[in-house]
Structures are given as structure tokens and as C-alpha cells.
Amino acid sequence: MAARFGIEVAGAHAVALEGGYSNETMRVDAASGTFIVRRYGRLHVTAAEVAFEHAVATHAAARMDEIVAPLRDRDGRTLAIAPDGGIAAVFPFIDGVTGRRDPATARAAARVLARFQRAVR
């Protein structure tokens with residue numbers, strides 16, 4: 001799958017990320033960059049549902065720096081389907097902090113959510 005998205009796997013290092021509810025997420029550090037590989041499926045989503053999510057993210061990413069679009073493979077697709085039917089996607093890695101629950105972070109998140117809602121109209 002990595003080759004389809006232009007990721008050089010020789011010497012790459014992958015580590016599972018904690019958190020999340022419905023997806024398995026890995027950080028991949030490779031010679032070509034740092035990426036997030038997400039495998040969908042704990043909630044039995046369909047490829048069409050994930051493709052819709054990707055369309056919304058791509059639309060919003062064109063309008064907001066805080067949103068990143070999934071990468072496209074050499075054929076222009078954002079989804080990879082594994083032989084077992086699993087759905088996966090690759091995103092650029094964006095460094096940041098998660099899990100903060102203070103009032104300032106909540107206000108900042110609310111502002112970003114409002115901008116997101118305007119961006120996807």
C-alpha cells in the first residue's frame with residue numbers, strides 16, 4: 001500500500017498511535033516524510049462512507065490550514081482496499097498535542113469548529 005502513495009518503505013519505522021475509537025492509526029516515519037496510515041473498520045464503515053468523509057476533508061482543507069486532506073495514490077484515489085476488504089488511507093502527519101481539556105483549548109476548538117462548518121457549506 002505504501003508504494004501506491006509514494007512512501008518509501010525501506011528503513012521506515014511505524015508505531016501504533018493511542019486513542020481513537022473506531023480506527024487503527026499508525027505513524028510512519030519514512031525517508032519520504034512522516035505520514036499517518038489509518039485503517040477503518042471497527043464500526044463497519046463502507047468505502048462509500050469513507051470516500052464521503054475524504055471529500056468533505058478535501059473540500060475543507062482547501063479552505064482551512066487546520067484540516068489536512070488524505071493523500072491520493074498514483075491513480076488519484078484516497079482509499080486503499082486490502083485483500084481482506086479492509087479500508088485504509090494515508091494522511092500527511094501534522095505535529096500537535098491532543099487530549100488537552102482546559103477552557104482556552106475548548107474555546108479555540110469551538111472557533112475552529114465554527115470555521116469548519118462555514119468552510120463545508
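User: Which residues does Ala80 touch, not counting residues up to four places away in sequence?
Analyst: Quick caveat: this is a predicted model, where local features need pLDDT of at least 70, side-chain atom pairs count only at pLDDT 80 or more, and totals for chains, interfaces and linings use all residues. Residues are numbered from 1 along each chain as its sequence is written, and side-chain values use heavy atoms, with hydrogens and water left out. Taking contact as heavy atoms within 4.5 Å, Ala80 touches Met1, Arg4, Phe5, Gly86, Ile87 and Ala88.

User: Is Ala119 buried or exposed?
Analyst: Ala119 sits in helix H2 (residues 103-119), helices being DSSP runs of H or I with at least four residues, numbered from the N terminus. Buried means under 20% relative accessible area, exposed over 50%, partly exposed in between (1.4 Å probe, protein chains only). Ala119 has 10%, so it's buried.

User: Which residues is Ala119 in contact with, leaving aside its neighbours within four places in sequence?
Analyst: Thr58 is 61 residues away along the chain, with a C-alpha separation of 11 Å from Ala119. The contacts of Ala119 are His59, Arg63 and Met64.

Conventions
Helices (H or I, at least four residues) and strands (E, at least two) are DSSP runs, numbered from the N terminus.
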